[in-house]
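Let's take a walk through this structure together, one piece at a time. Have the sequence and the 3D view ready, and follow along.

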Amino acid sequence: MAGNRFGSLFSIMTFGESHGPYIGVVIDGIKPGLPIDLQEIQREMNRRRPGQSRVTTARQEADRVEIISGVFEGKTTGAPICILIKNEDPRSKDYTALKEVFRPGHAAYTYLKKYAIFDYRGGGRASGRETAARVAAGAIAKQALKPYGIEFRAFTRKIGPWEAQTVDYDFIEQNPVRCCDPQIAPRMEEYIRQIAGEGDSVGGIVELHLSGLPAGLGDPVFEKLDAELAHGLMSIGAVKGIEFGEGFRAAGLKGSEMNDLFGAAEAGGIAPLSNRAGGILGGISTGQTVVLRLAVKPPSSIKKAQKTVDRQGKEVSLSIEGRHDPCICPRVVPVAEAMAALVILDLLLVQQAISESKGEMDNLENEIGLADAQLLLLLQKRLALSDRSGKFRSAGRSQAKKEREAE
Ligand SMILES: Cc1cc2nc3c(=O)[nH]c(=O)nc-3n(C[C@H](O)[C@H](O)[C@H](O)COP(=O)(O)O)c2cc1C
(Lines give C-alpha, C1' and ligand atoms only; values in the text may rest on other atoms or scores of the structure.)
Protein backbone atom coordinates (compact mmCIF):
# COMPACT_ATOMS: atom_id res chain seq x y z
CA MET A 1 0.00 0.00 0.00
CA ALA A 2 1.61 3.27 -1.12
CA GLY A 3 0.99 6.78 0.15
CA ASN A 4 1.86 6.34 3.81
CA ARG A 5 4.63 8.93 3.64
CA PHE A 6 4.15 12.71 3.79
CA GLY A 7 6.62 15.60 3.35
CA SER A 8 9.94 16.08 1.54
CA LEU A 9 12.89 17.41 3.63
CA PHE A 10 10.92 16.82 6.84
CA SER A 11 8.83 13.70 6.35
CA ILE A 12 6.70 11.26 8.30
CA MET A 13 5.49 7.73 7.68
CA THR A 14 2.64 6.43 9.80
CA PHE A 15 1.95 2.75 10.40
CA GLY A 16 -0.49 0.50 12.21
CA GLU A 17 -4.21 -0.27 12.25
CA SER A 18 -6.98 0.69 14.64
CA HIS A 19 -7.06 -2.76 16.30
CA GLY A 20 -3.46 -3.87 15.80
CA PRO A 21 -1.10 -3.93 18.81
CA TYR A 22 0.35 -0.47 18.06
CA ILE A 23 0.09 2.48 15.75
CA GLY A 24 3.01 4.82 15.21
CA VAL A 25 5.13 7.10 13.10
CA VAL A 26 8.68 7.36 11.78
CA ILE A 27 9.88 10.95 11.44
CA ASP A 28 12.82 11.77 9.19
CA GLY A 29 14.66 15.02 8.49
CA ILE A 30 14.72 16.49 11.99
CA LYS A 31 17.89 18.41 12.83
CA PRO A 32 20.08 17.17 15.70
CA GLY A 33 20.12 18.96 19.05
CA LEU A 34 16.42 19.94 19.26
CA PRO A 35 15.24 19.57 22.88
CA ILE A 36 12.15 17.33 22.97
CA ASP A 37 9.48 18.03 25.57
CA LEU A 38 7.69 14.70 26.09
CA GLN A 39 4.99 16.24 28.27
CA GLU A 40 4.16 18.70 25.52
CA ILE A 41 3.75 15.81 23.04
CA GLN A 42 1.48 14.06 25.54
CA ARG A 43 -0.62 17.23 26.01
CA GLU A 44 -1.24 17.28 22.23
CA MET A 45 -2.12 13.57 22.28
CA ASN A 46 -4.62 14.15 25.09
CA ARG A 47 -6.40 16.79 22.99
CA ARG A 48 -7.06 14.15 20.32
CA ARG A 49 -7.46 10.99 22.36
CA PRO A 50 -10.80 9.17 22.42
CA GLY A 51 -12.90 9.06 25.56
CA GLN A 52 -12.01 12.62 26.56
CA SER A 53 -15.56 14.02 26.85
CA ARG A 54 -19.29 13.33 26.48
CA VAL A 55 -19.18 14.35 22.81
CA THR A 56 -16.49 11.91 21.67
CA THR A 57 -16.31 8.14 21.29
CA ALA A 58 -16.24 6.18 24.54
CA ARG A 59 -13.21 4.11 23.44
CA GLN A 60 -10.64 4.52 26.24
CA GLU A 61 -7.08 5.02 25.07
CA ALA A 62 -4.37 6.71 27.13
CA ASP A 63 -2.42 7.31 23.90
CA ARG A 64 0.87 7.37 25.77
CA VAL A 65 3.74 7.96 23.37
CA GLU A 66 6.86 5.83 23.49
CA ILE A 67 9.87 7.25 21.64
CA ILE A 68 12.05 4.31 20.69
CA SER A 69 14.72 6.03 18.57
CA GLY A 70 16.22 9.35 17.49
CA VAL A 71 16.17 11.08 20.90
CA PHE A 72 19.11 10.89 23.34
CA GLU A 73 19.33 12.69 26.69
CA GLY A 74 16.22 14.69 25.80
CA LYS A 75 17.51 15.95 22.44
CA THR A 76 17.10 14.81 18.84
CA THR A 77 20.15 13.03 17.42
CA GLY A 78 19.29 13.71 13.77
CA ALA A 79 18.42 10.02 13.26
CA PRO A 80 14.84 8.96 12.42
CA ILE A 81 12.48 9.29 15.40
CA CYS A 82 10.17 6.32 15.84
CA ILE A 83 7.13 6.76 18.07
CA LEU A 84 4.87 3.93 19.24
CA ILE A 85 1.34 4.31 20.61
CA LYS A 86 -0.27 1.20 22.09
CA ASN A 87 -3.85 0.26 21.22
CA GLU A 88 -5.18 -0.66 24.65
CA ASP A 89 -8.96 -0.78 24.24
CA PRO A 90 -9.87 -2.08 20.77
CA ARG A 91 -12.90 -4.44 21.38
CA SER A 92 -12.68 -6.03 17.95
CA LYS A 93 -15.79 -8.13 18.53
CA ASP A 94 -17.90 -4.96 18.08
CA TYR A 95 -16.90 -5.15 14.42
CA THR A 96 -17.70 -8.81 13.71
CA ALA A 97 -21.16 -7.81 12.44
CA LEU A 98 -19.52 -5.39 9.97
CA LYS A 99 -17.21 -8.03 8.46
CA GLU A 100 -19.62 -9.04 5.71
CA VAL A 101 -21.57 -5.80 5.37
CA PHE A 102 -20.75 -2.51 3.66
CA ARG A 103 -20.99 0.36 6.14
CA PRO A 104 -22.54 3.27 4.16
CA GLY A 105 -20.15 6.23 4.00
CA HIS A 106 -17.14 4.23 5.22
CA ALA A 107 -14.00 3.05 3.46
CA ALA A 108 -14.50 -0.75 3.41
CA TYR A 109 -16.15 -0.72 -0.04
CA THR A 110 -13.31 1.14 -1.79
CA TYR A 111 -10.58 -0.75 0.11
CA LEU A 112 -12.06 -4.06 -1.03
CA LYS A 113 -12.33 -2.79 -4.62
CA LYS A 114 -8.68 -1.73 -4.53
CA TYR A 115 -6.91 -4.36 -2.40
CA ALA A 116 -9.42 -7.23 -2.19
CA ILE A 117 -8.61 -7.36 1.54
CA PHE A 118 -9.70 -5.10 4.38
CA ASP A 119 -8.92 -5.06 8.09
CA TYR A 120 -12.52 -4.36 9.14
CA ARG A 121 -11.66 -4.18 12.88
CA GLY A 122 -12.29 -0.56 13.81
CA GLY A 123 -11.87 0.50 10.19
CA GLY A 124 -8.25 -0.70 10.10
CA ARG A 125 -6.04 1.87 8.44
CA ALA A 126 -9.02 4.06 7.44
CA SER A 127 -9.78 4.68 11.10
CA GLY A 128 -9.46 8.09 12.71
CA ARG A 129 -7.08 6.29 15.08
CA GLU A 130 -4.28 6.61 12.51
CA THR A 131 -4.34 10.37 13.15
CA ALA A 132 -2.89 9.84 16.66
CA ALA A 133 0.45 9.16 14.95
CA ARG A 134 0.13 12.42 12.99
CA VAL A 135 -0.53 14.37 16.19
CA ALA A 136 2.63 12.93 17.78
CA ALA A 137 4.70 13.96 14.73
CA GLY A 138 2.97 17.34 14.58
CA ALA A 139 3.86 17.96 18.24
CA ILE A 140 7.53 17.50 17.36
CA ALA A 141 7.18 19.79 14.32
CA LYS A 142 5.56 22.42 16.57
CA GLN A 143 8.53 22.20 18.94
CA ALA A 144 10.95 22.66 16.03
CA LEU A 145 8.94 25.71 14.92
CA LYS A 146 8.74 27.35 18.36
CA PRO A 147 11.89 29.52 17.90
CA TYR A 148 10.27 31.04 14.79
CA GLY A 149 7.22 32.22 16.76
CA ILE A 150 4.79 30.36 14.46
CA GLU A 151 1.49 29.49 16.16
CA PHE A 152 -1.28 27.09 15.15
CA ARG A 153 -4.77 27.69 16.50
CA ALA A 154 -7.65 25.53 15.31
CA PHE A 155 -11.19 25.57 16.69
CA THR A 156 -14.73 24.49 15.91
CA ARG A 157 -16.46 27.29 14.01
CA LYS A 158 -19.79 25.63 13.21
CA ILE A 159 -21.82 22.58 14.16
CA GLY A 160 -25.25 22.00 12.69
CA PRO A 161 -27.09 25.34 12.81
CA TRP A 162 -24.75 26.81 15.50
CA GLU A 163 -21.97 29.13 14.29
CA ALA A 164 -19.42 30.91 16.52
CA GLN A 165 -19.69 34.71 16.28
CA THR A 166 -16.59 35.68 18.28
CA VAL A 167 -13.12 34.19 18.43
CA ASP A 168 -11.70 33.77 21.93
CA TYR A 169 -8.52 31.69 21.62
CA ASP A 170 -8.26 31.22 25.39
CA PHE A 171 -11.70 29.59 25.52
CA ILE A 172 -11.02 26.86 22.92
CA GLU A 173 -9.49 24.29 25.29
CA GLN A 174 -12.00 25.09 28.03
CA ASN A 175 -15.00 23.41 26.38
CA PRO A 176 -15.49 19.89 24.99
CA VAL A 177 -16.45 20.99 21.45
CA ARG A 178 -13.37 23.27 21.16
CA CYS A 179 -15.57 26.15 20.08
CA CYS A 180 -14.08 29.68 20.17
CA ASP A 181 -17.30 31.42 21.32
CA PRO A 182 -18.39 31.01 24.99
CA GLN A 183 -22.02 31.84 24.10
CA ILE A 184 -22.32 29.26 21.32
CA ALA A 185 -20.25 26.37 22.75
CA PRO A 186 -23.02 25.03 25.07
CA ARG A 187 -25.53 25.16 22.17
CA MET A 188 -23.16 23.09 20.02
CA GLU A 189 -22.64 20.52 22.77
CA GLU A 190 -26.38 20.26 23.35
CA TYR A 191 -26.99 19.82 19.63
CA ILE A 192 -24.38 17.02 19.29
CA ARG A 193 -25.89 15.16 22.25
CA GLN A 194 -29.41 15.57 20.88
CA ILE A 195 -28.44 14.18 17.46
CA ALA A 196 -26.41 11.35 19.04
CA GLY A 197 -29.49 10.52 21.15
CA GLU A 198 -31.42 10.07 17.92
CA GLY A 199 -28.81 7.51 16.83
CA ASP A 200 -27.37 9.92 14.28
CA SER A 201 -24.20 12.01 13.81
CA VAL A 202 -23.39 15.57 12.78
CA GLY A 203 -20.73 17.44 10.77
CA GLY A 204 -19.27 20.91 11.12
CA ILE A 205 -16.58 23.42 10.23
CA VAL A 206 -13.13 23.57 11.79
CA GLU A 207 -11.18 26.80 11.31
CA LEU A 208 -7.40 27.13 11.52
CA HIS A 209 -5.35 30.28 12.09
CA LEU A 210 -1.63 30.15 11.36
CA SER A 211 0.16 33.20 12.72
CA GLY A 212 3.79 34.31 12.77
CA LEU A 213 4.60 32.88 9.34
CA PRO A 214 7.31 34.77 7.49
CA ALA A 215 6.40 36.25 4.11
CA GLY A 216 7.78 34.19 1.23
CA LEU A 217 6.88 30.63 2.25
CA GLY A 218 5.55 28.38 -0.51
CA ASP A 219 6.16 28.27 -4.24
CA PRO A 220 4.43 29.87 -7.21
CA VAL A 221 3.30 26.85 -9.27
CA PHE A 222 2.70 23.25 -8.13
CA GLU A 223 3.95 23.63 -4.56
CA LYS A 224 1.82 26.59 -3.58
CA LEU A 225 1.42 27.06 0.18
CA ASP A 226 -2.36 26.66 -0.13
CA ALA A 227 -1.96 23.53 -2.28
CA GLU A 228 0.47 21.97 0.23
CA LEU A 229 -1.80 22.77 3.18
CA ALA A 230 -4.80 21.41 1.27
CA HIS A 231 -2.89 18.17 0.60
CA GLY A 232 -2.08 17.70 4.29
CA LEU A 233 -5.48 18.71 5.63
CA MET A 234 -7.62 16.93 3.04
CA SER A 235 -5.77 13.72 3.92
CA ILE A 236 -7.57 13.68 7.29
CA GLY A 237 -10.49 11.23 7.21
CA ALA A 238 -13.92 12.91 7.03
CA VAL A 239 -12.51 16.26 5.78
CA LYS A 240 -14.52 17.01 2.64
CA GLY A 241 -13.56 20.58 1.77
CA ILE A 242 -11.13 23.41 2.41
CA GLU A 243 -11.23 27.15 1.81
CA PHE A 244 -8.73 29.97 2.38
CA GLY A 245 -9.68 33.50 3.40
CA GLU A 246 -12.99 34.43 1.76
CA GLY A 247 -12.91 30.98 0.11
CA PHE A 248 -16.13 30.03 -1.67
CA ARG A 249 -17.63 33.44 -0.78
CA ALA A 250 -15.02 35.03 -3.09
CA ALA A 251 -16.85 33.54 -6.07
CA GLY A 252 -19.76 35.93 -5.39
CA LEU A 253 -17.69 39.08 -4.84
CA LYS A 254 -16.49 41.84 -7.18
CA GLY A 255 -12.75 42.46 -7.60
CA SER A 256 -13.10 45.73 -5.74
CA GLU A 257 -14.69 43.86 -2.82
CA MET A 258 -12.19 41.01 -2.76
CA ASN A 259 -8.84 42.76 -3.32
CA ASP A 260 -6.62 43.46 -0.34
CA LEU A 261 -5.18 46.93 -1.00
CA PHE A 262 -1.52 47.58 -0.33
CA GLY A 263 -0.25 50.39 1.87
CA ALA A 264 2.21 51.27 4.63
CA ALA A 265 2.29 48.46 7.18
CA GLU A 266 2.11 49.26 10.91
CA ALA A 267 5.39 47.43 11.44
CA GLY A 268 7.01 49.45 8.63
CA GLY A 269 7.38 48.65 4.92
CA ILE A 270 4.56 47.75 2.54
CA ALA A 271 1.88 45.10 3.20
CA PRO A 272 -1.72 44.22 2.27
CA LEU A 273 -4.00 46.27 4.54
CA SER A 274 -6.74 43.62 4.86
CA ASN A 275 -6.70 39.81 4.69
CA ARG A 276 -9.48 38.50 2.46
CA ALA A 277 -6.94 36.32 0.66
CA GLY A 278 -6.26 34.41 3.89
CA GLY A 279 -2.55 35.23 4.13
CA ILE A 280 -1.51 33.69 0.80
CA LEU A 281 -1.01 35.38 -2.59
CA GLY A 282 0.20 33.47 -5.65
CA GLY A 283 0.89 30.42 -3.51
CA ILE A 284 3.29 32.36 -1.24
CA SER A 285 2.69 33.59 2.33
CA THR A 286 2.16 37.34 2.71
CA GLY A 287 3.30 37.34 6.36
CA GLN A 288 -0.31 37.80 7.54
CA THR A 289 -2.25 35.16 9.46
CA VAL A 290 -3.19 32.23 7.22
CA VAL A 291 -6.92 31.61 7.69
CA LEU A 292 -8.53 28.41 6.43
CA ARG A 293 -11.65 26.38 7.08
CA LEU A 294 -12.32 22.64 6.81
CA ALA A 295 -15.69 21.05 6.06
CA VAL A 296 -15.95 17.94 8.25
CA LYS A 297 -18.60 15.39 7.37
CA PRO A 298 -20.76 13.63 9.99
CA PRO A 299 -19.20 10.28 10.99
CA SER A 300 -20.66 7.51 8.92
CA SER A 301 -21.06 4.99 11.76
CA ILE A 302 -24.54 5.64 13.17
CA LYS A 303 -27.00 3.64 15.26
CA LYS A 304 -29.95 4.69 13.11
CA ALA A 305 -31.00 1.79 10.89
CA GLN A 306 -29.77 2.12 7.29
CA LYS A 307 -30.34 -0.07 4.28
CA THR A 308 -27.19 -1.55 2.81
CA VAL A 309 -25.91 -4.75 1.18
CA ASP A 310 -23.58 -7.53 2.22
CA ARG A 311 -20.63 -8.75 0.15
CA GLN A 312 -22.94 -11.00 -1.83
CA GLY A 313 -25.17 -8.03 -2.70
CA LYS A 314 -28.04 -9.15 -0.44
CA GLU A 315 -29.98 -6.27 1.11
CA VAL A 316 -29.66 -5.97 4.87
CA SER A 317 -30.61 -3.43 7.52
CA LEU A 318 -27.64 -2.09 9.48
CA SER A 319 -27.62 -0.41 12.87
CA ILE A 320 -24.04 0.23 13.97
CA GLU A 321 -23.28 -0.48 17.60
CA GLY A 322 -19.77 -0.03 18.98
CA ARG A 323 -18.23 3.24 20.09
CA HIS A 324 -18.17 6.11 17.63
CA ASP A 325 -17.77 9.87 17.58
CA PRO A 326 -21.14 11.59 17.12
CA CYS A 327 -19.20 14.60 15.75
CA ILE A 328 -15.55 14.58 14.71
CA CYS A 329 -14.83 18.34 14.85
CA PRO A 330 -13.51 18.52 18.44
CA ARG A 331 -10.97 15.79 17.63
CA VAL A 332 -10.08 17.13 14.18
CA VAL A 333 -8.89 20.38 15.84
CA PRO A 334 -5.53 18.99 17.11
CA VAL A 335 -5.11 16.83 13.98
CA ALA A 336 -5.52 19.88 11.71
CA GLU A 337 -2.93 21.81 13.72
CA ALA A 338 -0.55 18.85 13.50
CA MET A 339 -0.89 18.48 9.73
CA ALA A 340 -0.37 22.24 9.24
CA ALA A 341 2.76 22.11 11.44
CA LEU A 342 4.18 19.26 9.32
CA VAL A 343 3.58 21.25 6.11
CA ILE A 344 5.05 24.48 7.49
CA LEU A 345 8.19 22.89 8.93
CA ASP A 346 8.85 21.12 5.64
CA LEU A 347 8.40 24.34 3.62
CA LEU A 348 10.58 26.28 6.05
CA LEU A 349 13.40 23.75 5.61
CA VAL A 350 13.02 24.01 1.82
CA GLN A 351 13.19 27.82 2.12
CA GLN A 352 16.28 27.60 4.33
CA ALA A 353 17.95 25.31 1.78
CA ILE A 354 17.23 27.92 -0.92
CA SER A 355 18.63 30.72 1.28
CA GLU A 356 21.72 28.63 2.11
CA SER A 357 22.40 27.88 -1.56
CA LYS A 358 21.86 31.57 -2.36
CA GLY A 359 24.42 32.43 0.37
CA GLU A 360 26.82 29.88 -1.14
CA MET A 361 26.27 31.38 -4.63
CA ASP A 362 26.98 34.88 -3.25
CA ASN A 363 30.24 33.62 -1.70
CA LEU A 364 31.31 32.00 -4.98
CA GLU A 365 30.52 35.19 -6.91
CA ASN A 366 32.66 37.18 -4.44
CA GLU A 367 35.57 34.76 -4.82
CA ILE A 368 35.33 34.88 -8.64
CA GLY A 369 35.40 38.71 -8.44
CA LEU A 370 38.52 38.56 -6.25
CA ALA A 371 40.26 36.11 -8.62
CA ASP A 372 39.40 38.37 -11.58
CA ALA A 373 40.93 41.40 -9.82
CA GLN A 374 44.09 39.40 -9.00
CA LEU A 375 44.31 38.21 -12.63
CA LEU A 376 44.06 41.79 -13.90
CA LEU A 377 46.82 42.93 -11.53
CA LEU A 378 49.06 40.06 -12.67
CA LEU A 379 48.36 40.89 -16.32
CA GLN A 380 49.28 44.50 -15.69
CA LYS A 381 52.53 43.41 -14.02
CA ARG A 382 53.25 41.08 -16.94
CA LEU A 383 52.74 43.89 -19.49
CA ALA A 384 54.99 46.24 -17.54
CA LEU A 385 57.73 43.57 -17.41
CA SER A 386 57.62 42.85 -21.14
CA ASP A 387 57.63 46.60 -21.75
CA ARG A 388 60.89 46.90 -19.80
CA SER A 389 62.38 43.85 -21.55
CA GLY A 390 61.39 45.44 -24.92
CA LYS A 391 63.69 48.37 -24.11
CA PHE A 392 66.63 45.96 -23.73
CA ARG A 393 65.62 44.32 -26.99
CA SER A 394 65.76 47.59 -28.86
CA ALA A 395 69.29 48.14 -27.38
CA GLY A 396 70.25 44.76 -28.96
CA ARG A 397 70.68 43.01 -25.56
CA SER A 398 67.34 41.17 -25.44
CA GLN A 399 67.19 37.80 -23.66
CA ALA A 400 63.46 37.43 -24.47
CA LYS A 401 62.25 34.20 -25.98
CA LYS A 402 60.30 35.11 -29.11
CA GLU A 403 57.85 32.19 -28.84
CA ARG A 404 56.95 32.95 -25.25
CA GLU A 405 56.38 36.61 -26.05
CA ALA A 406 54.09 35.65 -28.94
CA GLU A 407 52.06 33.43 -26.60
C1 LIG B 1 -10.16 11.90 14.75
C2 LIG B 1 -11.12 11.15 13.88
C3 LIG B 1 -12.09 10.32 14.48
C4 LIG B 1 -13.01 9.63 13.69
N5 LIG B 1 -13.95 8.85 14.31
C6 LIG B 1 -14.88 8.19 13.54
C7 LIG B 1 -15.88 7.40 14.16
O8 LIG B 1 -15.94 7.28 15.38
N9 LIG B 1 -16.77 6.76 13.35
C10 LIG B 1 -16.72 6.87 11.98
O11 LIG B 1 -17.54 6.29 11.30
N12 LIG B 1 -15.78 7.60 11.39
C13 LIG B 1 -14.85 8.27 12.13
N14 LIG B 1 -13.88 9.03 11.51
C15 LIG B 1 -13.95 9.20 10.05
C16 LIG B 1 -13.42 8.06 9.27
O17 LIG B 1 -12.09 7.81 9.58
C18 LIG B 1 -13.60 8.40 7.78
O19 LIG B 1 -14.89 8.82 7.54
C20 LIG B 1 -13.28 7.24 6.90
O21 LIG B 1 -11.90 7.00 6.92
C22 LIG B 1 -13.70 7.47 5.45
O23 LIG B 1 -13.01 8.54 4.91
P24 LIG B 1 -13.74 9.77 4.23
O25 LIG B 1 -14.89 10.12 5.14
O26 LIG B 1 -12.73 10.86 4.18
O27 LIG B 1 -14.21 9.31 2.87
C28 LIG B 1 -12.94 9.73 12.28
C29 LIG B 1 -11.95 10.54 11.68
C30 LIG B 1 -11.06 11.25 12.48
C31 LIG B 1 -10.03 12.11 11.82
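How many bridges pair strand β8 (residues 151–159) with strand β10 (residues 204–211), and in which sense? The two pair in the antiparallel sense, over eight bridges.

The model is a predicted one, where local features need pLDDT of at least 70, side-chain atom pairs count only at pLDDT 80 or more, and totals for chains, interfaces and linings use all residues. Residues are numbered from 1 along each chain as its sequence is written. Helices (H or I, at least four residues) and strands (E, at least two) are DSSP runs, numbered from the N terminus. Two strands pair if DSSP finds at least two bridges between them.

Back to β8 and β10. They belong to an open sheet of five strands, in the order β9-β8-β10-β16-β11, with antiparallel pairing. At its edges sit β9 (162–163) and β11 (239–244), each pairing on one side only. Helices come up against this sheet too. Helix α4 (residues 185–197) lies across β8 and β9, and runs at about 60° to β8. Helix α7 packs on the sheet as well, touching β8, β10 and β16 (290–296), with a direction that makes about 150° with that of β8. For such angles, axes are lines fitted to C-alpha atoms, for helices over the stretch in contact, and the angles run from 0 to 180 degrees between N-to-C directions. Contact between two residues means that their C-beta atoms, placed from the backbone, lie within 7 Å.

Keep an eye on α7, which covers residues 329–394, as we turn to the ligand. Which residues come nearest to the ligand? Of the 21 residues around the ligand, those are Gly-128, Gly-237, Pro-299, Ser-301 and His-324. A residue is near a molecule or strand here if its C-beta atom, placed from the backbone, lies within 6 Å of it. Helix α7 gives the largest share of this shell, with three residues. By type, the shell has eight nonpolar residues, 10 polar and three charged. In this scheme Ala, Val, Leu, Ile, Met, Phe, Trp, Tyr, Cys and Pro count as nonpolar, Asp, Glu, Lys and Arg as charged, and the others, Gly among them, as polar.

Helix α7 has another partner: helix α1 (residues 38–48) packs with α7 at an angle of about 145°, their axes 7 Å apart. Glu-44, Arg-47 and Arg-48 of α1 make this contact with Arg-331, Pro-334 and Val-335 of α7. Four of the contact residues are charged, two are nonpolar and none is polar.

Now for another sheet. Start at β1 (residues 5–6), which pairs with β2 over two bridges. Arg-5 stands opposite Met-13, and Phe-6 has Ile-12 as its bridge partner. The hairpin of β1 and β2 has four residues between the strands, and there Gly-7 takes a positive phi near 105°. A hairpin through five residues then joins β2 to β3, and these two strands pair over six bridges. Strand β3 (residues 22–28) is also joined to β7 by six bridges, with Ile-23 opposite Ile-85. Across β7 from there, Val-65 of β4 (residues 65–69) stands opposite Ile-85 too.In a regular strand the side chains alternate between the two faces of the sheet. In β7 (residues 81–86), the covered face has Ile-81, Ile-83 and Ile-85, while the uncovered face has Cys-82, Leu-84 and Lys-86.

Most residues other than glycine have a negative phi, and most peptide bonds are trans. Asp-63 has a positive phi near 50°, and Glu-73 has one of about 50°. Are they buried or exposed? Asp-63 is buried, with 23 other C-beta atoms within 10 Å, whereas Glu-73 counts as exposed, with 6 C-beta neighbours inside 10 Å. The cut-offs are 20 or more other C-beta atoms within 10 Å for buried, 12 or fewer for exposed, and partly exposed in between, with C-beta atoms placed from the backbone.
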